[in-house]
Amino acid sequence: MTVWTTLGLGAVIGVLLGLLGGGGSILTVPALVYGLNLGIAQAIPMSLIVVTIASATGALPKIRVGQVHWRLAGIFAAAGIPAAFVGAAIGGRLTQPIIMIGFAAVMLVAAARMLLDRGGTGTPCTVGDLGINWRRCASRSIPIGFLVGLLTGLFGVGGGFLIIPALVVLLGVEMPMAIGTSLLIIVANSAAGLVAHANAMTVDTTITVAFVGAAIAGSLIAGHLGTTVATARLQRWFAYLVIAVAAYVLIDTIAIR
């Protein structure tokens, strides 16, 4: 039964990843904790494995067609990688209830961001042949890169719900380039978070392989079929689902305490 549950949950997460991009990974930890009854110490590293592999799978086609801003990805990763180690260190000192409450808060922020998304592109920084005016924009982008890395190490989330708005609204990057760049940043941060959790990591190999395999399959299928789906409407309903799951996490965690 556990194997079938793992495959089913992995497939669902994969479909969400394929349809929504990195934002779908925010339900991975709750799925592992409540669907497979794993402790948070197991769920976060497994989530990071899923996020790393799924994001790398999605990034490869973007790299092939040149939809990645390498310098920008490098700046965000340079801020996010050390932050992932900081987040993992902080998480190691917190109890599971506190981490779950914090995770629920992150889910609510992500849901609010998805509901308020208007799809516009900002132009505070120069993007184009001249590149990005880092003197003007470093004070905005580097702290966001650090925050995303911190959340990745602490909660096992990719942070796409923060990275993409930062790239599009703050830096004026076009959406196709922002998605590819975001996926590359997520890969770097998630891999760093996984390394940071390596010493205390206890992962069931069978469950991990089954979950990751099902997630990748679901992601590829959904990504192929996703062009026929109304993305805005899907994102809105997904935001409602995230709010519902966050509420459940809060109620369950507070009830246990």
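1. Two residues are in contact when heavy atoms of theirs lie within 4.5 Å. With that cut-off, and leaving aside neighbours within four places in sequence, Ile144 is in contact with Phe76, Leu162, Ala166 and Leu170. The model discussed here is predicted, and the contacts below are to be read as contacts in that model.

2. The overall make-up is simple to state. The protein chain has ten helices and zero strands. Read from the N terminus, its elements run α-α-α-α-α-α-α-α-α-α. The chain has 257 residues, and 46% of them count as buried. Among contacts with a separation of 6 or more, 83% join residues 24 or more positions apart.

3. Ile144 itself belongs to helix α6, which covers residues 134–155. One of its contacts, Phe76, is a residue of α4 that also takes part in the contact with α8. Another, Ala166, is a buried residue of α7. Gly80 is 64 residues away from Ile144 along the chain, yet their C-alpha atoms are separated by 8.5 Å.

4. Helix α7 spans residues 160–170, and eight of its eleven residues are buried, so the rest of the structure largely encloses this helix. The buried residues are Gly160, Phe161, Ile163, Ile164, Pro165, Ala166, Leu167 and Val168. Just after α7, Gly172 has a positive phi of about 70°.

5. Val173 sits in the loop that joins α7 to α8. Is Val173 buried or exposed? Its relative accessibility is 2%, so Val173 counts as buried, the cut-off for that class being under 20%.

6. The next points concern helix pairs. Two packed helices are described by the angle between their axes and the distance between the axes. For α7 and α8, the axes come within 9 Å and cross at roughly 140°. That angle makes α7 oblique to α8, because angles count as roughly antiparallel over 145 degrees. The crossing of α7 with α8 is right-handed. On the α7 side the contact is made by Gly160, Ile163, Ile164, Leu167 and Val168, and on the α8 side by Met175, Ala178, Ile179, Thr181, Ser182, Ile185 and Ile186. Sorted by class, these are nine nonpolar, three polar and no charged residues.

7. An α-helix has 3.6 residues a turn, so residues three or four places apart point the same way. The student can compare this with the α7 residues that meet α8, which include Gly160, Ile163, Ile164 and Leu167.

8. Which way does α4 run relative to α8? Helix α4 (residues 70–91) packs with α8 at an angle of about 25°, and the axes are 8 Å apart. α4 is therefore roughly parallel to α8. Their crossing is right-handed. From α4, the residues making the contact are Trp70, Leu72, Ala73, Phe76, Ala77, Gly80, Ile81, Ala84, Phe85 and Ala88; from α8, they are Thr181, Leu184, Ile185, Ala188, Asn189, Ala192, Gly193, Val195 and Ala196. By class, the contact of α4 with α8 has 15 nonpolar, four polar and no charged residues.

9. Ser190 is placed in α8, the helix of residues 175–196. Its relative accessible area is 0%, so Ser190 is buried. What does the side chain of Ser190 reach? It comes to 2.8 Å from the backbone oxygen of Ile186. Not counting residues up to four places away in sequence, Ser190 touches Leu48, Val51, Thr52, Thr152 and Gly158.

10. A further pair lies earlier in the chain. Helix α2 (residues 28–35) and helix α3 (residues 40–64) have axes 9 Å apart and pack at about 140°. The two helices are therefore oblique to each other, and α2 and α3 cross in a right-handed way. Thr28, Val29, Leu32 and Val33 of α2 meet Ile40, Ala43, Met46, Ser47 and Val50 of α3. The contact of α2 with α3 holds seven nonpolar, two polar and no charged residues.

Conventions:
Residues are numbered from 1 along each chain as its sequence is written. This is a predicted model: local features need pLDDT of at least 70, side-chain atom pairs count only at pLDDT 80 or more; totals for chains, interfaces and linings use all residues. Side-chain values use heavy atoms; hydrogens and water are left out. Helices (H or I, at least four residues) and strands (E, at least two) are DSSP runs, numbered from the N terminus. Buried means under 20% relative accessible area, exposed over 50%, partly exposed in between (1.4 Å probe, protein chains only). A polar contact is a pair of N or O atoms within 3.5 Å; within protein, one must be able to donate a hydrogen and the other to accept it, and residues adjacent in sequence count only if both atoms are side-chain atoms. Axes are lines fitted to C-alpha atoms, for helices over the stretch in contact, and angles run from 0 to 180 degrees between N-to-C directions. Angles under 35 degrees count as roughly parallel, over 145 as roughly antiparallel, 65 to 115 as roughly perpendicular and the rest as oblique. A crossing is left-handed if the near helix is turned anticlockwise from the far one by less than a right angle, and right-handed if clockwise. Ala, Val, Leu, Ile, Met, Phe, Trp, Tyr, Cys and Pro count as nonpolar, Asp, Glu, Lys and Arg as charged, and the others, Gly among them, as polar.
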